[in-house]
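Hi,

Here is the structure I promised to pass on. Have a look at it first, and then read my notes below.

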Amino acid sequence: MTKKSEDKRLERSPVHLIHRASQGADDLLQAEKEPLDLTPRQFAVLEVLSRNEGASQRVLVDATGIDRSTMADIIQRMLKKGFVKRRRSSDDARAYSVKLTESGAQTLKVTRPVMRRIDEHLLAALPAKRAEDFLENLKIVIAALNAPEVVIPAKKKRRAARS
């Protein structure tokens with residue numbers, strides 16, 4: 001396969017293109033004059049908590065799409081930063097109820113305009129109608145990937161080379 005055909009293959013790879021777009025978004029975050037004390041995932045968790053006082057980690061997982069073990073790590077990091085507090089849920093002793101602290105609410109307030117600027121910058125590359133379509137298409141892909149009937153294909157076993 002030639003280099004040119006490999007480049008074309010990458011240009012048609014959603015995995016590669018989504019990764020490249022994510023890298024660009026990360027670069028925009030890093031370029032902010034005031035370094036953010038939040039990752040995009042932490043920001044998403046704070047946003048959900050701002051509308052769901054005392055949400056369980058399960059609710060946060062469902063609302064953000066972040067897997068359970070990563071969510072536990074994110075909550076732990078934000079506890080150390082003082083952005084959230086948690087306690088055992090009164091409904092289920094196995095679950096935690098997570099709440100924003102004053103520091104978390106203030107951090108969210110300061111971070112929202114930065115994230116909005118970055119979102120606007122990313123979407124500015126597209127005409128308004130295409131930007132809306134782009135967002136809707138991303139939601140469709142995410143919903144399809146999260147559908148319960150989706151089965152990720154197992155690796156195919158390589159056949160032994162025949163002599």
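**How H3 and H5 sit together**

Helices H3 and H5 are roughly perpendicular to each other, because their axes cross at roughly 80 degrees and angles of 65 to 115 degrees count as roughly perpendicular. Keep in mind that this is a predicted model. H3 covers residues 40–51 and H5 covers residues 68–81, and their axes come within 10 Å.

Which residues meet there? On the H3 side you'll find Arg41, Gln42, Val45 and Leu46, and they meet Thr70, Met71, Ile74, Ile75, Arg77, Met78 and Lys81 in H5. By class, this contact has six nonpolar, two polar and three charged residues.

Next, click over to the largest pocket, with a volume of about 2,200 Å³. Its lining is made of 42 residues, and Ile18, Ser22, Phe134, Leu138 and Ile142 lie nearest the centre. Helices H2 (14–30), H3, H4 (57–64), H6 (102–123) and H7 (128–146) each give two or more residues to this lining. Which helix gives the largest share? That's H2, with 11 residues. The lining splits into 25 nonpolar, seven polar and 10 charged residues.

The second largest pocket holds about 200 Å³ of space. Ser56, Gln57, Arg58, Val61, Arg68, Met71, Ala72, Ala95 and Tyr96 line it, with H4 and H5 as the elements that give two or more residues. Five of these lining residues are nonpolar, two are polar and two are charged. Look out for Met71 in H5: this residue is part of the contact with H3 and also lines the second largest pocket.

Cheers

Terms used
Residues numbered from 1 in each chain as written. Predicted model: local features only at pLDDT ≥ 70, side-chain atom pairs only at ≥ 80, totals over all residues. Heavy atoms only, no water. Axes fitted to C-alpha atoms, helices over the stretch in contact; angles between N-to-C directions. Helix = DSSP H or I, 4+ residues; strand = E, 2+ residues; numbered from the N terminus. Parallel < 35°, antiparallel > 145°, perpendicular 65-115°, else oblique. Contact = heavy atoms within 4.5 Å. Nonpolar A, V, L, I, M, F, W, Y, C, P; charged D, E, K, R; others polar. 1 Å grid on protein atoms, 1.4 Å probe; cavity = no way out; pocket = protein on both sides within 12 Å on 5 of 7 lines; lining within 4 Å. Points joined across faces, edges and corners; volume = space filled by probe spheres on them.
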